[in-house]
Amino acid sequence: MSENELQDKYRVEYVGDVAILRMNNGENRFSSPTITAINKALDEIEKSDAKALITIGSGRFYSNGIDLKWMSQQTADEALKFALVPLVNRVLTFPMPTIAAINGHCYAGGAIFALAHDYRVMRTRQGWFCLPEIHLKLTFSSFKHVIKCKIPQGRVFTDMAVFGKRYTAEQVKATGVVDDITEMAGLMDLALHMAKQCLGKSGYDRETLKILKTDLYEDAVKETSVGNQQLFNIAKL
Amino acid sequence: MAGESTSCPPGYSVEFRDDVAILWMNNGENRFNIDTIAEINRALDTVEGSSLTRILITTGVGKFYSNGFDLNWLGNQGPEINEEFVGRLYKLWIRLMTFPVPTVAAINGHCYAGGGLFALCHDHRVMRTQRGWWCFPEIHIKLPFRPEMMNLLQNKLSSPAVARDMLLFGKKYVAEDLLKVDVVDDICEQSSLIEVAINRARTTLGKDNYSRDMLTRMKEDINNNSIERLVSTPYYQAVKSKL
């Protein structure tokens with residue numbers, strides 16, 4: 001697939017002053033090329049007048065996380081340049097309200113990507129939300145700050161992060177980690193509604209919001225590591 | 001006795017009722033500047049000096065608990081005074097967070113920005129219904145928190161979603177909302193506010209007698225993260241030994 005063909009699978013559209021990034025790449029897994037494509041889309045959105053960002057997958061997947069097959073085909077050097085942490089941190093501190101519209105399966109790195117958003121909405125009746133790292137014999141490593149910032153301490157954290165429980169939309173809403181749920185047909189409208197509610201009359205000053213997010217999530221933001229030895233090892237097995 | 005403005009002297013005063021000390025803030029919007037911080041400290045000295053006192057309530061008079069920093073005054077001061085203000089503010093927060101008796105902020109009205117921070121430095125908060133907003137409007141006025149303030153706030157709030165709504169997006173809350181997110185312990189009509197605040201503190205005191213020293217040590221330990229962040233700032237260090 002050419003770079004342009006790949007970029008086309010991560011398209012940006014605008015509904016009023018809300019930018020929508022649609023991931024239409026099968027399981028929407030993260031590899032260095034797909035991370036590059038997402039960053040290019042985010043670059044375009046930051047340059048625009050958009051006041052909010054919605055991300056959404058397509059079909060049965062929001063995102064199933066890291067592309068382990070791709071990872072297994074990389075050299076050690078290439079794997080060490082894998083920049084998912086910086087991408088997650090970029091979304092975490094994005095200078096406008098962000099909403100993950102979880103249209104389907106949201107696993108591992110995909111769930112972490114969704115957690116990096118300000119708000120999450122999810123469709124009902126299909127799709128699991130899950131951090132299955134324990135089952136994959138992985139620790140969160142550099143991503144643990146993000147999940148600590150976004151998942152409530154106590155039973156929810158224990159179940160969701162430590163023991164890798166999987167959640168339906170109703171179940172994850174009950175934890176507070178997802179803000180609202182609805183049928184698939186209404187998901188984008190729900191996300192747009194949340195965006196409008198959050199923005200209020202005038203939206204937010206980008207610089208101020210970025211500073212606030214950077215300080216609120218400072219532990220995660222300090223994590224600048226690129227590459228992931230653990231993942232590389234697992235992928236190679 | 002509700003203690004409305006007619007019976008309360010202007011400025012900052014302390015009223016003792018048996019083992020309860022009430023710090024009355026009757027200064028308009030009860031904003032913080034170097035002078036008002038000094039007055040609050042003098043009031044706290046009085047409370048600490050009263051060995052019979054086992055509970056501290058703070059409350060405002062009229063429409064405001066506190067609207068935060070005195071931005072008008074700050075805008076007219078040079079950088080040195082601005083920095084001194086921040087240092088003295090941090091000292092006050094630390095003093096309140098580690099106060100040797102249970103503390104309750106009885107929120108009688110609007111509680112904005114630095115007023116919210118002040119209230120969160122208490123052990124408990126109770127709030128009157130039907131009037132008064134709670135809000136951190138920093139995003140709306142484009143004046144972000146200093147990182148050490150954000151750190152303090154985050155430690156005092158119970159959930160990521162609440163931190164997001166309150167600290168990033170400057171959501172406005174009424175008493176009922178705050179009760180739902182565990183930021184206040186009780187809500188009631190204004191006429192019962194002091195009584196409810198006292199009851200909350202009595203529930204906390206229980207039958208135990210907390211030694212003042214031990215309570216301060218416990219609060220210092222629990223809050224040591226946030227306190228260390230505040231203490232290590234140049235602002236705090238500059239006023240550390242000043243009265």
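## First stop: two helices in chain B

Select helix α1 (residues 34–49) of chain B together with helix α3 (residues 79–97) of chain B: they pack at an angle of about 25°, with their axes 10 Å apart. That angle makes α1(B) roughly parallel to α3(B). Before you go further, bear in mind that this is a predicted model. Turn the view to look across the pair, and you will find that α1(B) passes α3(B) in a left-handed crossing.

Which residues of α1(B) meet α3(B)? On the α1(B) side, show B:Ile34, B:Ile37, B:Ile40, B:Asn41, B:Leu44, B:Asp45 and B:Glu48. Their partners in α3(B) are B:Ile81, B:Glu84, B:Phe85, B:Arg88, B:Leu89, B:Leu92 and B:Arg95. Colour this contact of α1(B) with α3(B) by class, and you get eight nonpolar, one polar and five charged residues.

## Second stop: from α3(B) to α6(B)

For the side chains, pick B:Tyr90, B:Trp93 and B:Met97 in α3(B), which meet B:Glu148, B:Met149, B:Leu152 and B:Lys156 in α6(B). By class, the contact of α3(B) with α6(B) divides into five nonpolar, no polar and two charged residues.

Leave α6(B) on screen and bring in helix α11 (residues 206–216) of chain A. How are α11(A) and α6(B) placed? They pack at an angle of about 60°, with their axes 9 Å apart. The two helices, α11(A) and α6(B), are therefore oblique to each other. The crossing of α11(A) past α6(B) is right-handed.

Show A:Leu212, A:Asp215 and A:Leu216 of α11(A), then B:Pro147, B:Met150 and B:Gln154 of α6(B), and you have the residues that make the contact. The contact of α11(A) with α6(B) has four nonpolar residues, one polar and one charged.

Now widen the selection to the whole interface, where 21 residues of chain A are in contact with 20 residues of chain B. Chain A and chain B bury about 1700 Å² between them, with 68% of it on carbon and sulfur atoms. Highlight A:Tyr204, A:Leu212 and A:Leu216: these supply 36% of the area that chain A buries against chain B, more than any other three residues.

## Last stop: a histidine in chain B

What lies 3.0 Å from a polar atom of the B:His110 side chain? It is the backbone nitrogen of B:Trp133. Leaving out residues up to four places away in sequence, B:His110 touches B:Lys63, B:Phe64, B:Tyr65, B:Ser66, B:Asn67, B:Gly132 and B:Trp133.

Note on methods. Residues numbered from 1 in each chain as written. Chains lettered and ligands numbered in written order. Predicted model: local features only at pLDDT ≥ 70, side-chain atom pairs only at ≥ 80, totals over all residues. Heavy atoms only, no water. Axes fitted to C-alpha atoms, helices over the stretch in contact; angles between N-to-C directions. Helix = DSSP H or I, 4+ residues; strand = E, 2+ residues; numbered from the N terminus. Parallel < 35°, antiparallel > 145°, perpendicular 65-115°, else oblique. Left-handed = near helix turned anticlockwise from the far one by under 90°. Contact = heavy atoms within 4.5 Å. Nonpolar A, V, L, I, M, F, W, Y, C, P; charged D, E, K, R; others polar. Polar contact = N/O pair within 3.5 Å; in protein donor to acceptor, adjacent residues only side chain to side chain. Buried area = accessible area lost by both parts, 1.4 Å probe.
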